[in-house]
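Here is a short report for a reader new to this structure. Have the sequence and the 3D view at hand.

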Amino acid sequence: MSKVLIDRYLKNLPEPQKSTLTKLRKTIKKIEPKAKEVISYNMPAFKIDEGIICGFLSAKKHCSYFPFSGKVLSELKNELKDFNQSTGTLRFEIDKPLSEKLVRKLIKIRKKHLISQSARKKRKK
């Protein structure tokens with residue numbers, strides 16, 4: 001069902017946001033083909049067994065990538081210095097999709113955090 005909601009979300013976006021975020025969606029699915037498409041915090045997101053790995057949204061003057069963690073972006077500080085960002089949001093131009101190389105790095109870091117959190121929870125039991 002969430003895939004349908006994401007399809008609808010993207011369909012209703014203006015260009016170039018629609019094309020930019022459609023490309024980001026395809027990139028994420030290429031990197032994590034088994035990730036489930038979900039809606040989380042009212043945004044398109046991608047979930048693996050350990051948790052949400054990322055999400056995205058469109059705004060009037062930018063697009064946003066959400067790593068669903070305040071720690072991910074700080075690990076790529078040098079690579080992200082040209083992007084507008086806050087602790088948990090990476091903003092990018094509406095007509096310039098994030099590179100596959102960068103998305104791959106962002107997802108790798110998020111997965112590492114999720115797997116570490118999952119292992120800690122299992123040890124506590």
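## An exposed loop between two strands

Tyr 41 is exposed, at 70% relative accessible area. The model is a predicted one. Tyr 41 sits in the loop that runs between strand 1 (36–40) and strand 2 (43–48). Its phi is near 55°, a positive value in a residue other than glycine.

Asn 42 is found in the loop between strand 1 and strand 2 too. Asn 42 is not a glycine, yet its phi is positive, about 60°. Its relative accessibility is 73%, so Asn 42 counts as exposed. Most residues other than glycine have a negative phi.

## Two packed helices

Two packed helices are described by the angle between their axes and by the distance between those axes. Helix 1 covers residues 2–11, and helix 2 covers residues 17–31. They pack at an angle of about 150°. Their axes are 9 Å apart. The angle is about 150°, and angles over 145 degrees count as roughly antiparallel, so helix 1 is roughly antiparallel to helix 2.

Which residues make the contact? Helix 1 brings Lys 3, Ile 6, Asp 7, Leu 10 and Lys 11. Helix 2 brings Lys 18, Leu 21, Thr 22 and Arg 25. By type, the residues of this contact divide into five charged, three nonpolar and one polar.

## A cis proline between the helices

Pro 16 has its place in the loop between helix 1 and helix 2. The peptide bond that leads from Glu 15 to Pro 16 is cis. Its omega is near 5°. Most peptide bonds are trans.

Is Pro 16 buried, partly exposed or exposed? Its relative accessibility is 28%, so Pro 16 counts as partly exposed. What does Pro 16 touch, leaving aside its neighbours within four places in sequence? Pro 16 is in contact with Ile 94 and Asp 95. Ser 116 is 100 residues from Pro 16 along the chain. The C-alpha atoms of these two residues are separated by 37 Å.

## Strand 6 and its partners

Strand 6 spans residues 89–92. Strand 4, residues 63–66, pairs with strand 6 in the antiparallel sense. Three bridges join strand 4 and strand 6. Tyr 65 has Leu 90 of strand 6 as its bridge partner.

Strand 5, residues 84–86, also pairs with strand 6 in the antiparallel sense, over three bridges. Here Gln 85 has Leu 90 as its bridge partner in strand 6. Strand 5 and strand 6 form a hairpin, with two residues between them.

## Cysteines without a disulfide

A disulfide is a covalent bond between the sulfur atoms of two cysteines. How many disulfides does the structure hold? The structure holds zero.

The cut-off for a disulfide is a pair of sulfur atoms within 2.5 Å.

Are these residues buried or exposed? Cys 54 is buried, because its relative accessible area is 0%. Cys 63 is buried, with a relative accessible area of 0%.

Technical notes. Residues are numbered from 1 along each chain as its sequence is written. This is a predicted model: local features need pLDDT of at least 70, side-chain atom pairs count only at pLDDT 80 or more; totals for chains, interfaces and linings use all residues. Side-chain values use heavy atoms; hydrogens and water are left out. Axes are lines fitted to C-alpha atoms, for helices over the stretch in contact, and angles run from 0 to 180 degrees between N-to-C directions. Helices (H or I, at least four residues) and strands (E, at least two) are DSSP runs, numbered from the N terminus. Angles under 35 degrees count as roughly parallel, over 145 as roughly antiparallel, 65 to 115 as roughly perpendicular and the rest as oblique. Contact means heavy atoms within 4.5 Å. Ala, Val, Leu, Ile, Met, Phe, Trp, Tyr, Cys and Pro count as nonpolar, Asp, Glu, Lys and Arg as charged, and the others, Gly among them, as polar. Buried means under 20% relative accessible area, exposed over 50%, partly exposed in between (1.4 Å probe, protein chains only). Two strands pair if DSSP finds at least two bridges between them.
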